[in-house]
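Let's take a walk through a protein model together. Have the chain and the 3D view ready, and we'll stop at a few spots along the way.

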Amino acid sequence: MTDATDTENESNGEETADETVEDETAGEGTTAIEGEGANTEVSDDAVVLSPETWKDAVPPQTPPIVADPPPTDEPFDDGRWYLNRELSELSFQWRVLHEATDDRQPPLERLRFLSILTRNLDEFFMKRIGGLKQQIDAGTTEPTVDGATPREQWSDALSMAADLFETQSRCYHEAVKPALAEAGVEVLGYDDLRPEEIDYLRDQFESSVLPTLTPLTFDPAHPFPFLSNLSLSLAVRTRKPDETIRFSRIKVPENLPRLIPADPDLPEDGETRVVPVGRVIAANLDLVFPDVEIVDHSTFRVTRNAEVRRNEDVAEGLIERIEDVLRERRFATLVRIEIDEDTPSAVRDLLVEHLDVDDSEVFERRAPLALSDFGSLYDLDAPDLKREAWTPQQHPRFVGLNAKQPEEVFASIRERDALVHHPYHSFTDTVQTFLDAAAHDPDTLAIKAAIYRTAPDSRVIGSLIDAAKNGKQVAVMVELKARFDEENNLRWVKRLEEEGIHVAYGTVDLKTHSKVALAVREEDDDVRLYSHVATGNYHSGTAKGYVDLGLFTADHDVGQDLVRLFNSFTGHSRNRSYRKLLVAPETLRERLYELIDRERDHALAGRGGRIVAKMNALEDPGVVERLYEAAEVGVEIDLIVRGICRLRPGVEGVTGSVRVHSVVGRFLEHSRIFRFDNAGDPDYYIGSADWMTRNLDRRVEAIAPVGDPSLRETLDEILSTMLDDNRRRWEMRPDGSYVQARPGADEATRDTHEALMRRTSERAPDERSGRESEPRRDPSVNLDGVFTSDTNAN
């Protein structure tokens, strides 16, 4: 979501009239953290979401993934214990879609989630469906851990996606569009226009749109036109005087506004009247094709596979390889065609034949096909139609600090560790201040940073360049293989190298996904290390909408671990041990197993056992099996997993002590928090890794322990608030479906994001009063103690 993106996208990744949290103790959730699970009951009367029931599904339940219970008499390596990854991801997209179908939300928020869903599903088809199709074409029949072959997964995912598309279209036409129109925001067809608006749009078309169009006709003298990925096109059939019918394709240029004002000179009472650009083109085709008859026209959209794989044995540089991948994606296999439901069968058959797709890959939908094109409406000055904007607050530990006085910034970190929580806390006033201070500090000797994704106009990169110009040693790890950010990262690599900065690109077999930075500073004839270990990217844009955590520490062992980690980026060897950090692929999996097994041993010894873990995805079969073994002996486990989850909770006699939650709301949940109770002496960690095979074995990840008692209390508060949510939280059932929690008749609404925004605002210090040493807390909360592709968030 963005992404509910992050889709990596983003999102997953990613919600309106949000109910005001009136109860001052809302979100305490003490019971949940201490081991009884979330204290909001999940209804047994939920209605499964579908194209037919979406309006009346209260409380809603996403479609089940499996029909049969797992075999409790079989070992945990039986495939029936594991949910399918692709269907689990589509289940998350149902939860995103529900934010649009939910009439408790204001209409522009609902439209925003329809837009997010479009982007999420685009990425799903490019990555996941593309990968499955690649396996099918290669003849792969080996099943995944859940027992499904690539073809079975492909077929089941297409079927589930079809229901998502139909529900999305119905939601837009039957609920969101009418609600917007009632509020004065109208998305119009030509039948709805006033005569003067039609005249205005024709003038606009002729002067501004027509010169950008390039109609391409398919006939014996011209090949079928090339269709770029995610391009929106008009299929136009014309008849010449000799009765010959020709097919032409008109691509809607990507640099044209997707919504055109019907007549900006004639607004009435603040109303907004817009027309999709595709409809403007369709209504003026006589200017594109003069002197011929327009037989019919329709819109269609194509999606190509993004899973382009290079031969790893080819002796070429990584930059050249990435550039080749970017080129090859333009011509990759098609994995989906979306067409207007009114498309003539002859046009549909023509597209299927010449684009070489299966009938099941064609999705007939009521236009518009790309609701992501309507995102600009969200920027309207219409406060009654969306939530009140959120401004990230100053962190109490950073208030009054200024990068121009770097000694004060470092002194604060040296005094005690600090934990920042975005987007509740300002990225600029914390992370950016830290980097700027290091860049301009005369005592800073070196700065090192790992960049996975960053903003196109990144101030982070600017700080690193400034540091190099100021004579510091600067080393930057830029991951060129960050999917869909390759081109942006290539540009930054070239810019950094032009400034003489040491740049590492990663390796062919591993992605560097860790989010870490290090400042090396000379102090009192010694060297001090200042570290930042985070769950999110150094991206000022996503920091406004992605929920992430960052730990600032002057801990010597953490700093030394980062020194070793950065040396492995720029050198040719990898460290096999670290003092405090858990680093993948070297130590993270082994230590994670040890931590889970320790809770199992405590439970067997009668000392209880408790795990609370928050992440984006739980996919790794080995971790799932370890959790099953712990649950089987009674370890209480709460997992807050935003998206994919293979584990099946709530199976009587085996996983009855496991609860899986997912929070989808205003912000994209992207942080990772792990708490292992250890019989009352808990361990806490935050960092970049989800519990996925790729994160544990094929990526460089960094997880840091959190030892400061006040910071642990903050983590407990976050976890407890999420587990106590009765507005945005979903709970999984054994069949892989999710049911949304709802407040009781006399119960206050507890919305995770609203509660945390409220608390952050209450604790934000007044700059005039000076810097506070630690945040204020609600005395009523007794904490002892989880959940966004642009859904390819990462």
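Which residue does the UniProt annotation "active site" cover? According to that unreviewed entry, it's His513. UniProt positions follow the numbering used here, feature names are shortened, and annotations may be inferred rather than shown by experiment.

A quick word on ground rules: this is a predicted model, where local features need pLDDT of at least 70, side-chain atom pairs count only at pLDDT 80 or more, and totals for chains, interfaces and linings use all residues. Residues are numbered from 1 along each chain as its sequence is written, and side-chain values use heavy atoms, leaving out hydrogens and water.

**Two buried loop residues**

Back to His513, which sits in the loop between β18 (511-512) and β19 (515-523). Helices (H or I, at least four residues) and strands (E, at least two) are DSSP runs, numbered from the N terminus. His513 counts as buried because its relative accessibility is 0%; the cut-offs are under 20% relative accessible area for buried, over 50% for exposed and partly exposed in between (1.4 Å probe, protein chains only).

Leu618 is another loop residue, found between β23 (610-615) and α16 (621-632). Leu618 is buried too, with a relative accessible area of 0%. Its C-alpha atom is 9.6 Å from that of Ile640, which is 22 residues away along the chain.

**A cavity**

How big is the second largest cavity? Its volume is about 100 Å³. A cavity is a set of points, on a 1 Å grid over the protein atoms alone, where a 1.4 Å probe fits but cannot get out; lining residues have an atom within 4 Å of a point. Points are joined across faces, edges and corners, and the volume is the space filled by probe spheres set on them.

The lining has 15 residues, with His422, Phe427, Gly536, Asn537 and Asp548 nearest the centre. Two elements, β20 (526-534) and β21 (546-553), each give two or more residues, and β21 gives the most, with four.

Three strands make an open sheet in the order β5-β10-β9, with mixed pairing. Strands pair if DSSP finds at least two bridges between them.

| Strand | Residues |
|---|---|
| β5 (edge) | 185-187 |
| β9 (edge) | 259-261 |
| β10 | 272-276 |

β5 and β10 run parallel, joined by three bridges. Val185 has Thr272 in β10 as its bridge partner.

How values were computed:
On a 1 Å grid over the protein atoms alone, a cavity is a set of points where a 1.4 Å probe fits but cannot get out, and a pocket is an open set with protein on both sides within 12 Å along at least five of seven lines; lining residues have an atom within 4 Å of a point.
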